[in-house]
Each structure stands twice: as structure tokens, then as C-alpha cells.
Amino acid sequence: MKELATIRFIGIRMSRDFITMILLLGVPIILITVFSIILGEVEGLSGTPIRDETVVLLVLGFQLFGGAITMNYVHQDLFAERKNRLLSLPMNTTLYGFSIMLAGIIYSILLGIILITYTTMVFDVNWGNFIWALLVITLMSSLSSIVCLVFTFSVKNFKIAERLSEVYGVGMILLAGLFFPMPDNALINMFNDYVNPLMLAYSSIDQVRSGGLSDGWLYAALLSVLILIAFGLLLLTGRRRMP
Amino acid sequence: MTIFRFALKRILRDKTNVLFLTLFPIAAIFLPTAEDGWPLLPLGYQYFGILLLFVSIRLTSIMIEDRQKGVVKRLAAAPVSHFNYLWQNLLAFSVIMIIQIIIIISGGYAYGHELYEPWNLTILYLVFMFTAISISLAWNSLYRSKESSFLIFMAVIVLMALLGGILFPVEMMPVVFERIAVIFPTYWLSEGIEWIVFGEDRGDFLFINGVLLLYALFFLIIGSIRRIS
């Protein structure tokens with residue numbers, strides 16, 4: 001299992017990547033701070049403070065971009081600069097790819113935990129059950145990493161894959177109606193109810209914090225189904241492209 | 001005008017660029033008008049300032065690329081002055097963005113959006129466009145690689161939009177933020193939009209544009225210093 005031992009070094013590399021850190025940790029912290037100060041204690045229609053809604057959505061939304069780290073490392077190590085060096089090592093590149101994915105997922109979860117702690121401690125945001133929130137964050141970051149890897153493997157040009165990953169992140173946020181309300185279209189509503197990972201994750205956390213554990217499970221299960229589908233696609237596309 | 005022509009060619013050769021430059025303003029035309037009275041203009045027009053910032057950082061990235069690849073060094077040895085290089089590039093960027101502004105204004109007019117005063121809106125966007133280009137020029141001069149410059153600027157754009165009152169009315173924010181907002185060019189853009197909807201006093205509009213132009217001049221001076229190494 002020497003491939004798994006590389007996780008430590010991937011982790012060290014990730015912790016030195018300050019730009020990613022600024023984008024995935026600094027920006028959300030600033031955004032959350034500004035939003036929380038602006039929104040104050042205003043209560044929404046359903047009785048939960050708007051702040052709880054927005055902050056949870058923001059933290060989950062940033063998880064959609066967590067896959068970009070995995071994607072970049074896989075590209076650098078297995079397709080670009082370090083490709084030949086890694087191929088000459090006596091280890092399984094596929095497993096190495098998986099360990100990068102694992103490291104990326106863990107990194108993204110860690111950022112999520114920092115954000116959850118920050119929002120709970122400073123702004124007293126209600127996340128419901130912490131363990132449940134952690135589970136949902138784990139699901140989200142796994143999904144994002146896997147989806148981004150599918151993009152990396154399915155498109156020849158990495159630049160396009162990067163753009164696709166942004167389309168995935170921004171598109172889901174857009175469809176969830178965070179920028180502006182979406183038109184009341186049956187197709188969009190259905191997509192938000194059953195497919196959009198951001199809304200699934202949010203509904204899951206929202207249900208659990210208002211006491212509907214079984215519905216929470218349902219949404220988490222839907223999210224897991226998405227992960228399984230994406231993983232299947234990852235295996236299919238990865239088999240063709242892996243060096 | 002060789003550099004100008006070449007800059008245009010370089011930008012338009014990139015397919016993603018072409019897509020990015022045409023699709024987004026067209027999509028912005030079709031965004032709906034907000035129902036609860038704010039933003040005052042249709043959403044696409046309210047957020048167009050953000051788009052202008054994005055486009056300008058993307059366009060000016062070819063100058064950072066020149067520095068990365070050593071083109072600036074070769075230019076220094078060639079019989080072309082830095083001033084020529086600068087203004088021809090900037091002209092190319094402006095031409096592209098002016099076309100975008102024309103697309104969005106005329107498109108909105110044809111689509112039937114309530115734009116209040118389309119001509120003044122065009123002027124406001126034009127002035128803000130100059131500010132956006134010079135801000136990204138100055139921003140780029142701080143970086144060595146275009147990727148990191150672009151990524152961090154993305155975060156800065158979000159912050160400027162948020163604190164400058166494009167995403168939220170400034171009045172909603174706490175007093176401290178309301179005061180800080182004045183330093184962001186985006187604040188002046190949203191003030192300008194407000195003038196276009198409600199404004200009567202011509203002087204206010206001139207003042208807003210003057211502030212934006214001052215910002216443009218300031219950042220242009222910072223950004224235009226030649227950095228060879």
C-alpha cells in the first residue's frame with residue numbers, strides 16, 4: 001500500500017498551495033462574514049433565520065469547487081509535468097490517482113470543518129447535528145472530486161475540463177437560485193428537488209436540523225446515488241485515459 | 001497599428017475567449033427584472049459591471065503572458081516604444097468591450113427592457129469599462145503568472161461587487177461598511193445606475209463618471225509602468 005503513503009506528501013503539497021487556500025478558505029470566510037453581518041437576525045418565511053440558510057448554502061456551495069484541487073493534482077502528476085517520473089516509479093498509477101482523490105476529498109472536508117466551526121462559533125449558525133453536517137460535507141466533497149475527475153478524463157484539453165468544473169460549480173449555484181430566483185419551471189424544480197447536489201445537501205441538513213431525520217436520510221441517499229453514478233462514469237472514462 | 005491588430009487576433013483566436021465574450025453579454029440581456037424593486041435595472045444590467053471586470057482581467061492577461069514569455073524583453077529591443085505597445089493593446093481591449101456594451105444596450109432596447117436612459121447607461125458602462133481595464137492592468141502588474149492573477153482577482157471581484165453595492169443595496173449594510181463602500185469603483189457604478197433610474201441633477205452624473213475616470217487614471221499610471229524582468 002505504498003501508494004496510500006503518498007497521501008501525506010500530497011497533503012503537504014496541498015497545504016503549501018496558498019492560492020487555493022485563499023480561494024477555498026479565505027474567500028468563503030470573508031463572504032460569510034459580510035453576509036452574516038448584513039443579514040443579521042432577520043427571520044425568513046419558514047421561521048429559520050435567513051442567515052442560517054444563506055451561510056449553510058454558501059459553505060456547501062464552496063464544496064462544489066473543492067474538486068478543482070484533485071483535478072489539478074491529477075493533471076499535473078499523471079498527464080503533464082510529472083507524468084514520466086511517476087510512470088517510472090514502481091507503483092500503480094491508478095491507485096496513486098485514487099490516493100490523490102482521497103487526499104483532495106480529505107482536504108476539502110477539512111476546509112468544510114473549519115468553515116462550519118467558524119460559522120458556529122462566531123455567528124451562532126444552526127447546523128443541526130454536527131456529525132450529520134460532516135457526513136453531508138463528506139458526500140459533497142467526494143461528489144465534487146469525482147465529477148471533476150470525470151471531466152479531466154473525458155476531455156482531451158485540460159483547460160476545457162477546468163472550465164467544465166467551473167460550469168458545474170457555478171451552474172449548480174445558479175440553478176439553486178442563489179444569485180437570483182429561478183423561473184418557476186417544472187424541469188428546473190424537478191432538477192433542484194432530485195438532482196442538484198447543492199439543494200440535496202442543503203435539504204438534508206435542513207431536514208435534520210428541523211427534526212425530520214428520515215427525510216434527511218432520503219436526501220443523503222439521493223446524493224449517494226449521484227456519487228455512485230459519477231463513480232461509475234469515473235471508472236469508465238478513467239480506464240481509457242489513465243496512463 | 002500592427003500591435004493593435006495582433007492583439008485582436010490573439011484574443012479572438014482563442015475559442016473559449018470568443019465564447020466568453022459573446023455568450024455572456026447575450027445571456028445577460030435575457031435575465032429577468034427583479035420583482036421586489038431592487039436591483040432597479042434588469043438583473044443582467046445590474047451585474048454587467050461584474051462581467052466587465054471579468055472580461056477585462058481575461059483580456060489583459062495577454063500582457064502578463066507577454067511578460068511571462070519574454071515578449072516584453074524582445075519588444076524593448078525592437079524599435080517600438082513601450083507607450084505604443086501599451087496603448088495599442090489597451091485600444092484592442094477597449095474595442096472588444098465597446099462592442100459588448102453596444103450588444104447589451106441595443107439588445108436590451110430591442111428586447112424591450114426598461115432601461116430609462118440608454119445613452120447615459122452606455123456612457124456609464126463605457127467609463128466603467130475604462131476603470132475595469134486599468135484596474136486589471138494594475139492588478140496584473142503585481143503578478144508573475146496569469147493564473148494566480150486571474151484566480152485571486154476573481155475573489156476580489158466578488159468582494160468588490162458585494163461591498164460596492166452591486167449584489168446588495170449599500171443601505172442594507174452596517175454603517176461601517178456603508179462608509180467603506182465609497183472606496184470601491186463598483187460603488188460608483190451602482191450609484192450611476194441609481195442616477196440613471198431616479199436622477200435629475202446632471203452634475204451628479206458627471207461627478208460619478210469623474211470619480212470613475214479618476215480611478216481609471218490612477219490605476220492606469222500604476223499599471224503602465226514597464227516591468228521587463
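How many aromatic pairs does the count come to over all chains? The count comes to 17, where rings of Phe, Tyr and Trp (its six-membered ring) pair if their centres lie within 6.5 Å, with planes under 30 degrees apart called stacked, over 60 edge-to-face and the rest tilted. This is a predicted model, in which local features need pLDDT of at least 70 and side-chain atom pairs count only at pLDDT 80 or more, while totals for chains, interfaces and linings use all residues. Residues are numbered from 1 along each chain as its sequence is written, chains are lettered from A in the order in which they are written, and side-chain values use heavy atoms, without hydrogens and water.

**Aromatic pairs in chain B**

- Phe30(B) and Tyr111(B) are edge-to-face, because their ring centres lie 5.0 Å apart with the planes at 85 degrees.
- This pair links distant parts of the chain, 81 residues apart, with Phe30(B) in the loop between helix H2 (15-29) and helix H3 (43-46) and Tyr111(B) in helix H6 (residues 82-111); helices are DSSP runs (H or I, at least four residues), numbered from the N terminus.
- Phe30(B) is partly exposed at 49% relative accessibility, as is Tyr111(B) at 45% (buried means under 20%, exposed over 50%, partly exposed in between, with a 1.4 Å probe and protein chains only).
- Trp139(B) and Tyr143(B) form a tilted pair, 5.3 Å centre to centre with 35 degrees between the planes, and both residues are buried.

**Backbone with positive phi**

- Asp124(A), a residue other than glycine, has a positive phi near 60 degrees and is exposed at 62% relative accessible area.
- Tyr116(B), also not a glycine, has a positive phi of about 60 degrees and is partly exposed at 39%.

Technical notes. Helix = DSSP H or I, 4+ residues; strand = E, 2+ residues; numbered from the N terminus.
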